[in-house]
Amino acid sequence: MTKVTMTVNGRSVSGEAEGRTLLSAFLRETLGLTGTHVGCDTSQCGACVVHVDGKSVKSCTMLAMDAEGASVTTIEGMANPDGSLGTLQQAFQDHHGLQCGFCTPGMVMSAAALLAVNPKPTEAEIRHHLEGNICRCTGYHNIVRAVLAASGQDVSALAAE
Amino acid sequence: MPKDSGIGASSKRREDVRFLTGKGRYMDDMNRPGQAYAYLLRSPVAHGRITALDTREAEAAPGVIKVMTSADTAGIGGLPCGWQIHSRDGAPMHEPKHPVLAEGKVHHVGDPVAMVIAETAAQARDAAEMIVMDIEELPPVVNMKDAVAAGSPLVFDEIGTNVCFDWTFGTPQAETDAVFAAAAHVTTLDLVNQRLVANPMEPRVALGEYDPITELHSLFTTSQNPQLIRLLLSAFVLGIPEQRVRVMAPDVGGGFGSKIFHYNEEVLVVLASKALKRPVKWTSDRSEAFLSDRQGRDHVTRIEVAMDKDGHFLAMRTDTLANLGGYLSTLGPAIPTILHGTLMAGNYKTPKVTVNVKGVFTNTIPVDAYRGAGRPEATYQLERLVDKAAREMGLDPVEIRRRNFIQPDQFPYATPVGLAYDIGNYDATMDKLVEVADFAGFEARKAESAARGKLRGLGVSSYIEACGIAPSAAAGALGGRAGGWESANVRVNAAGGVTVWTGTHSHGQGHETTFAQIVADMLGLPENMIDIVHGDSASGPLGLGTYGSRSLAVGGSAIVRATEKVIAKAKKIAAHLLEAAEEDITFDKGTFTVAGTDKAIDFGTVALTAYVPHNFPHETLEPGLEEQAFYDPANFTFPAGAYACEVEVDPETGKVSVCSFAAADDFGNIINPMVVSGQVHGGIGQGIGQALMENCVYDENGQLLSGSFMDYAMPRADDVPNYVVDHSCITPCTHNPLGVKGCGEAGAIGSPPAVVNAVIDALQRGGYSHVTHIDMPVSPSRVWAAMQAK
């Protein structure tokens, strides 16, 4: 076991990790941040996406030790300071971009990373960007609408409801 | 004008706030003090006899507390099957034991053989590798046609056959055959409805905890129906009084049927927690989910329709081999029979319909319900057949359907396959589809595709499903061993808030929001005054759970009945307070009024009086304001609709792209249009996945080849289009209080044939007239091969 220290959602945290401990497991089991979900074991589903030093990362593909000293943002860090939903989160609720909610944290983190570099993505760009995040509930339609809406674009052209 | 609250409003989902902030409570987020971890050792081969199982080294490994084998489960029952089908000769289906740990023989890859319990999950997993498991391999039975052939190896030696049941339903075969012999034209189609994996994004978890003082066995599990699991686990597996088992399912991360069933691991963690006197948790990873979650579909079918010279359907007959896998799952035999054969009339007034199904054991993972469950299999074969028939008759695919639709004035309509459709209007949804899918603009879009070297096609389908499962008497007559009712408890709290317990459960449907809309509407209260509670067998009322698009039609109806009782009692209290006769009291928008006067009292005051009964009719009424209702539906509900898909086929590669998809559904009355659309979107996404991408494949040895998301193609955001979804055609259900039908499965039922019909249409229009069918998934290689097969 080795002590690992990193900044998570703006707070400095540390905990013990084995060499094989994945960042996803460190977040969930050591730090108790269970909003980051694990939906597969082949780095396909994207439910575990977090931001590491500003870049979206599937936290099941990274060892906790590799995040030593890094700045990590998880879904728990995405709300406004007053606890209300952030713009992207609010858009997911407004446009019914989630059903069971299990893929949602990864979906939000992945979409946020897109908007950080591409503030007005096209529908095709959104669909391409989210290719690494699997949702089994929504058929993606309302997720795409939510991301478009969060970027300030008109979604009325995409059939309402 | 859309409403902004109550029934008919697109209320935002209250559950979303916790899901969007990482505060959802999924099973793997939950841990109990002192908990140990379980890992399952599973069979690496499809069929064999266990000749040695030595656990000594594993038991001595670091952190290991116990290793369980079938010796530890000797005193309990096997996993029960909830449905008994009878063969055509009247004999009950073969029902071999389904042990929770393999007893001497393994029946499929992934069959659980032993469970290791250790201080950490990693220690349990490491120790499982130290178990010496010798299996004498037997020839596996993988392919259904081989399984039913004479001389095939047997999955269960003791029953002497791989045919679990040989079922016939509907019109007697000879009657149907006579119509075929005299018909002007017969269209025949051989097809496969491939095996699928439900793959909810949350893998399954089971956590057992035993309290030796109260003798309460607690099971926390990923389940669509915790009360049903409690019944099966207590009464059938453990043989203990039901009240000594508590089953809880907190937030459930999708299910699509795969979390209905009673699973081996649920039993094992409860047994282990009792033996060890500490909680035991098992968490599946995705690879294990592929090997242990019950799978779906897997039919091989020949279907035929006999027509007159004008394309009127005179008779249909269909023969299906349905894969049950290596054991009978909870509802396994019901899916290809009762939920499939009864739908074979579709939307059509075909006078004679005969359905034959052989349920077949194979050395594969057990098969059970997956979204739609039998109804997609029926709809796919029927709607592919109708399309082929239209082509052979020189009729437009829309026209041949219209020519055969049951007409609005024919309801109630008794089909030849056992159902009585109460209401519908199939031309109306087809009209709406033609409009919203812009059929008129197809030729222009086709020309535009052609200019880019692509072949464009338009496919349509109609569907009907039987939902609101189920009227108990009908279910019983058809072989069901449980009832089909639901119950609800509505408690008005003293200060005016309302708590509603329902026996259904949500695994993404948003019941906390939509059920609150119903009660808010009825009581005239704000939605945020109503809380919905579900998912705990101890605190909730009895119930059977969420599947078969039943939660609103059956569970919602129970909520309505209980709320009506609340209103009826509140009216008596109001009459007392207003010093009026009960029959003179009206209730509207939360206010009781003496008819024709301005004397009124609000619901909150009445509720408070029920609990502070200083001025109360004690001689005729009990205090309190809480009511329970059971609701057993009078009939199934029959959502129906018409779907259209446009595809482009790349003739260079055979790749199919879905350009657009439109749905016109009749779900009866709608509680929350936003949620309903979302359900349809998701179903269509899964249907496109089945049509074009997904395939659960075993090799000839019974090894699962598609055992991860690397190998099993899940639809992703760039594989699907935007959907046009309309549910403005409404014929309210005639027999439940809300006039609702259910919407959870329609998308997955109606969409696969629309997609495949579109591909065939594109190829036909593109000059490949020899291509009349391609089996799903319609992959580039299959399309390419079909194009070249001339």
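User: Met133(B), buried or exposed?
Analyst: This is a predicted model. In it Met133(B) is buried, because 21 other C-beta atoms lie within 10 Å, and the cut-off for buried is 20 or more.

User: Which strand is Met133(B) in?
Analyst: Strand β6 of chain B, which covers residues 132-137.

User: And what does Met133(B) touch, leaving out residues up to four places away in sequence?
Analyst: With those left out, Met133(B) touches Leu41(B), Ile50(B), Leu53(B) and Val113(B).

User: How many residues apart in sequence are Met133(B) and Leu41(B)?
Analyst: They are 92 residues apart in sequence, and their C-alpha atoms are 9.4 Å apart in space.

User: Zooming out, what is the secondary structure of chain B?
Analyst: Chain B has 20 helices and 28 strands. Buried residues account for 59% of its 790 residues. For contacts in chain B between residues at least 6 apart in sequence, 80% join residues at least 24 apart.

User: What radius of gyration does chain B have?
Analyst: It has 27 Å, which agrees with a compact globule of 790 residues, because that would have a value near 28 Å. Along the principal axes, the C-alpha atoms of chain B fill a box of roughly 85 × 70 × 55 Å.

User: Switching to chain A. How many helices and strands?
Analyst: Five helices and five strands. Starting at the N terminus, the order is β-β-α-β-β-β-α-α-α-α. The radius of gyration of chain A is 16 Å, close to the 15 Å from the globule rule for 161 residues, so chain A is as compact as a globular protein of that length.

User: What does the C-alpha trace of chain A span?
Analyst: About 55 × 35 × 25 Å along its principal axes. In chain A, 57% of the 161 residues count as buried. Of its contacts between residues at least 6 apart in sequence, 57% join residues at least 24 apart.

User: Helix α5 of chain A, how many of its residues are buried?
Analyst: Ten of its ten residues, 141-150, so helix α5 is mostly covered by the burial criterion of 20 or more other C-beta atoms within 10 Å. Among them are His141(A), Arg145(A) and Leu148(A).

User: What do the buried residues of α5(A) pack against?
Analyst: In chain A, α2 (87-94), α3 (104-117) and α4 (123-129); in chain B, α18 (673-692) and β28 (723-726). Just after α5(A), Gly152(A) has a positive phi of about 85°.

User: At what angle do α2(A) and α5(A) pack?
Analyst: About 135°, with the axes 8 Å apart. That angle makes α2(A) oblique to α5(A). Their crossing is right-handed.

User: Which residues make that contact?
Analyst: From α2(A), Thr87(A), Leu88(A), Ala91(A), Phe92(A) and Asp94(A); from α5(A), Ala146(A), Ala149(A) and Ala150(A). By type, the residues of the contact of α2(A) with α5(A) divide into six nonpolar, one polar and one charged.

User: Now the contact between the chains. How many residues from each?
Analyst: Chain B gives 49 residues and chain A gives 46 residues. On the side of chain B that touches chain A, the elements giving two or more residues are α1 (16-20), α8 (286-292), α18 and β28.

User: Which of those gives the most?
Analyst: α18(B), with nine residues.

User: And how do the residues on that side of chain B divide?
Analyst: Into 21 nonpolar, 17 polar and eleven charged.

Terms used:
Residues numbered from 1 in each chain as written. Chains lettered and ligands numbered in written order. Predicted model: local features only at pLDDT ≥ 70, side-chain atom pairs only at ≥ 80, totals over all residues. Helix = DSSP H or I, 4+ residues; strand = E, 2+ residues; numbered from the N terminus. Rg over C-alpha atoms; globule rule 2.2 N^0.38 Å. Buried ≥ 20, exposed ≤ 12 C-beta atoms within 10 Å, placed from the backbone. Contact = placed C-beta atoms within 7 Å. Axes fitted to C-alpha atoms, helices over the stretch in contact; angles between N-to-C directions. Parallel < 35°, antiparallel > 145°, perpendicular 65-115°, else oblique. Left-handed = near helix turned anticlockwise from the far one by under 90°. Nonpolar A, V, L, I, M, F, W, Y, C, P; charged D, E, K, R; others polar.
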